[in-house]
Amino acid sequence: MSKNQSYKPTEAELEILQVLWQHGPSTVRFVHDVLSETKDAGYTTTLKLMQIMAEKGILEADKTSKSHVFKPLLSEETTQRRLLDRFLDTTFRGSASKLVLQALGSQRTSKEEIDEIRNLLDKLEGGNS
């Protein structure tokens, strides 16, 4: 798994990973059915993409049964962190404050979300929460 330490999945790969992170190890049929709820994709496309992801070391296929069961080899948290770091660097020149100000200024933020953000800031500053 060391070769995928810095791997950043494509959008299509990320959609497959999100299904597997949410539902756990799954067959191609299951992943395809979930993806088909929101997008028009052929079964063979999903199958081929998952096979390629297995070749890349992103997924692992359990081939002990007739229907292969795939599981992700990338954790959701690590992948989110890498994608956010890349987005932060390329879009906001590495400035977390610009990202937060843009996010808070572009949509309505609930009191609960603001309280949650305030608690996180207190923890980051070493304050009591």
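I am working on a predicted model, where local features need pLDDT of at least 70, side-chain atom pairs count only at pLDDT 80 or more, and totals for chains, interfaces and linings use all residues. Residues are numbered from 1 along each chain as its sequence is written, and side-chain values use heavy atoms, with hydrogens and water left out.

**Helix 1.** I took helices (H or I, at least four residues) and strands (E, at least two) as DSSP runs, numbered from the N terminus. I checked the length of helix 1, residues 11-23, first. Its 13 residues should span 18 Å at 1.5 Å a residue, and the end C-alpha atoms are 19 Å apart, so the two agree. The expected span is 1.5 Å times one less than the number of residues. Next I looked up burial (buried is under 20% relative accessible area, 1.4 Å probe, protein chains only). E13, L14, I16, L17, V19, L20 and W21 are buried in helix 1. G24 follows helix 1 and has a positive phi, near 85°.

**Strands.** I counted two strands as paired if DSSP finds at least two bridges between them. Strand 1 pairs with strand 3 over 2 bridges, antiparallel. Strands 2 and 3 also run antiparallel, joined by 4 bridges. A hairpin of 6 residues links strand 2 to strand 3. F70 in strand 3 stands opposite S26 and opposite A61.

**Core.** I used sets of buried Ala, Val, Leu, Ile, Met, Phe, Trp, Tyr and Cys residues joined through side-chain atoms within 4.5 Å. The largest nonpolar core has 18 residues, and I16, L17, V31, M50, M53, I58 and L59 touch the most other members. Helix 1 gives the most to this core, with 6 residues.

Technical notes:
Buried < 20%, exposed > 50% of the residue type's maximum accessible area, 1.4 Å probe, protein only.
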